[in-house]
Amino acid sequence: MPIFVAVLFGMIDYGWYFYQKFTLAAAIREGVRLGATIKSSATPGPAARALTEAQNRCDAGSLPHAAVTWTSGMSADPAPLQAVWVTGVYTFHPLVGLVPMPHSNMTYTMQMLLEQQY
């Protein structure tokens, strides 16, 4: 019975770990995709729009954006190579905690070239 319980709770914790990891990745990916379609001269700029969209997507997926450390920005490259990026770092807390998890800090970064650079 103890082995069965350990395996069961390990499956629950790992499922929760991967769900939150993919929620963070999907939120950042969608935020950067939106930010890449905004003109580089727009107000608010592509980095701010990407960050806001990533936070909104994160909230929609059961991962509160306030629990994530966010950074965003634009590359300083010349016009054809300008890119927007968003990074999120989340400290994972297991539901049960009987099984050791791979990493407590989840970090995801995505960068995408701007489509409209003028």
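This is a predicted model: local features need pLDDT of at least 70, side-chain atom pairs count only at pLDDT 80 or more; totals for chains, interfaces and linings use all residues.
Start by selecting Lys39, which counts as partly exposed because its relative accessibility is 37% (partly exposed lies between buried, under 20% relative accessible area, and exposed, over 50%, with a 1.4 Å probe and protein chains only). Lys39 sits in the loop between helix 1 (2-35) and helix 2 (46-60); helices (H or I, at least four residues) and strands (E, at least two) are DSSP runs, numbered from the N terminus.

Residues are numbered from 1 along each chain as its sequence is written, and side-chain values use heavy atoms, with hydrogens and water left out.

Next, the aromatic rings. The structure holds five aromatic pairs (rings of Phe, Tyr and Trp, the last by its six-membered ring, with centres within 6.5 Å; planes under 30 degrees apart are stacked, over 60 edge-to-face, the rest tilted). Select Tyr14 and Phe18: their ring centres are 6.2 Å apart and their planes at 40 degrees, so the pair is tilted. Tyr14 and Phe18 are four residues apart in helix 1, and therefore about one helical turn separates them. Tyr14 is partly exposed at 30% relative accessibility, and Phe18 is partly exposed at 37%.

Now select Tyr17 and Phe92, whose ring centres are 5.1 Å apart with planes at 90 degrees, so this pair is edge-to-face. The pair links distant parts of the chain, 75 residues apart: Tyr17 is in helix 1, and Phe92 is in the loop between strand 2 (83-91) and strand 3 (105-113). Tyr17 is buried, at 4% relative accessible area; Phe92 is buried, also at 4%.

Finally, select Tyr14, Tyr17, Phe18, Phe22 and Phe92 together; they form one aromatic cluster.
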